[in-house]
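Subject: A structure to look through

Dear colleague,

I am passing on the structure below, together with some notes on what was found in it.

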Amino acid sequence: MGSGEPDDGSGGGGSGGEGVRGGLLGVLKREKLVYTRCYCEENIYCLVRDRVPPELRKYFTVVFISNTMKTIPLYYQKASKYPPLPVTWDYHVLLLSHPTPSSPATVYDFDTTLPFPTPFPEYHSKTLYGPPITSLETYLNDQGINIDPVQIYSYVANRPRFFRLIAASEYLRTFASSRKHMMDEEEKGWLAEPPGYPPIRCEVGEDTLGMFLDFTGEGEGDESGWGRVVDEEGFWREFAGGVENENESWRKE
């Protein structure tokens, strides 16, 4: 995911790693899974490889979130000093379980402060749109943060998120990373310490990450990389299981 930039100040944060029931994988505790901070694409790869049985992978989708600006604000992220406020990533990666099209999917995000996993409607509303404005105003006042909530919502609205959807089995077949994107400009040091295991390779090549991060054709029908790209509305239609989208009213309650 690269190095995140909390819009309210840097620092650690987040909820504990208690497992919750939900989705096809049952109880999972985050602290028991393979995880390296700022390497979300590899964390999700390992989760699929190690925890999703081959016969169930057809029900799982890997999701890359980004845009052409490489600036995607997400709320309720552990990288934020104040988790209800957004952090800006260059990209982020999730795993979704969606065995029944008529029911909402389940979201696995290692870096959220929300439960692990989280039902898709809750994750979509809170992560993309944040808390209702009255709740955010109260939070900001309680924390002594002098920021206008409208400015926060405007910042997010001007940076639309797009979603590349890749079948889990296809991701295992085609993902590889040399981790060079996490080195400084002179390639002499790491922006974030890499995982302790060797770089992931695949039959396609030694570094295919760029294909997953190519969002030059943002929107429906984008064929610039593996999988397909949808916008925020398309993301909802794909995984909400027919639940009505109330995200616009969420921020005003």
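Strands here are DSSP runs of E with at least two residues, helices are DSSP runs of H or I with at least four residues, and both are numbered from the N terminus; two strands pair if DSSP finds at least two bridges between them.

Strands β2 and β5 run antiparallel and are joined by 6 bridges, with His92 in β5 as the bridge partner of Ile65. There are also 6 bridges between β2 and β8, again antiparallel, and Val63 stands opposite Leu165 in β8. Finally, β8 and β9 run antiparallel with 3 bridges joining them, and Arg164 stands opposite Val229 in β9.

How many residues of β5 are buried? The count is 6 of its 6 residues, and β5 is mostly covered, where buried means under 20% relative accessible area, exposed means over 50%, and partly exposed lies in between (1.4 Å probe, protein chains only). His92, Leu94 and Leu96 point one way from β5, while Val93, Leu95 and Ser97 point the other way, and all are buried. Strand β8 (residues 162-167) is largely enclosed by the rest of the structure, because 5 of its 6 residues are buried.

**How to read the numbers**

Residues are numbered from 1 along each chain as its sequence is written, and side-chain values use heavy atoms, with hydrogens and water left out. Since the model is predicted, local features need pLDDT of at least 70 and side-chain atom pairs count only at pLDDT 80 or more, whereas totals for chains, interfaces and linings use all residues.

**The protein as a whole**

The protein has 8 helices and 9 strands, and buried residues make up 50% of its 253 residues. Of the contacts with a separation of 6 or more, 70% are between residues 24 or more positions apart, a contact being heavy atoms within 4.5 Å. The protein exposes about 11600 Å², of which carbon and sulfur atoms supply 48%; these accessible areas come from the Shrake-Rupley method with a 1.4 Å probe, and for residues only the protein chains shown count as cover.

**Helices**

Axes are lines fitted to C-alpha atoms, for helices over the stretch in contact, and angles run from 0 to 180 degrees between N-to-C directions.

Helix α2 (residues 120-129) and helix α7 (residues 232-239) pack at an angle of about 165°, with their axes 10 Å apart. That makes α2 roughly antiparallel to α7, a term used for angles over 145 degrees. The contact is made by Phe120, Pro121, His124, Leu128 and Tyr129 of α2 and by Glu232, Phe235, Trp236 and Phe239 of α7.

**Loops**

Glu244 is found in the loop between α7 and α8 (247-250), and it is exposed, with a relative accessible area of 61%. Although Glu244 and Pro121 are 123 residues apart in sequence, they are 9.2 Å apart in space, C-alpha to C-alpha.

Pro117 lies in the loop between β6 and β7, and a cis peptide bond, with omega about 0°, joins Phe116 and Pro117.

Where is Cys38 found? Its place is the loop between β1 (5-6) and α1, and Cys38 is buried, with a relative accessible area of 4%. Its phi is near 75°, a positive value in a residue other than glycine. Arg179, in the loop between α5 (168-174) and α6 (209-212), has a phi near 70°, which is likewise a positive value in a residue other than glycine. At 4% relative accessibility, Arg179 counts as buried.

With kind regards

Key
Angles under 35 degrees count as roughly parallel, over 145 as roughly antiparallel, 65 to 115 as roughly perpendicular and the rest as oblique.
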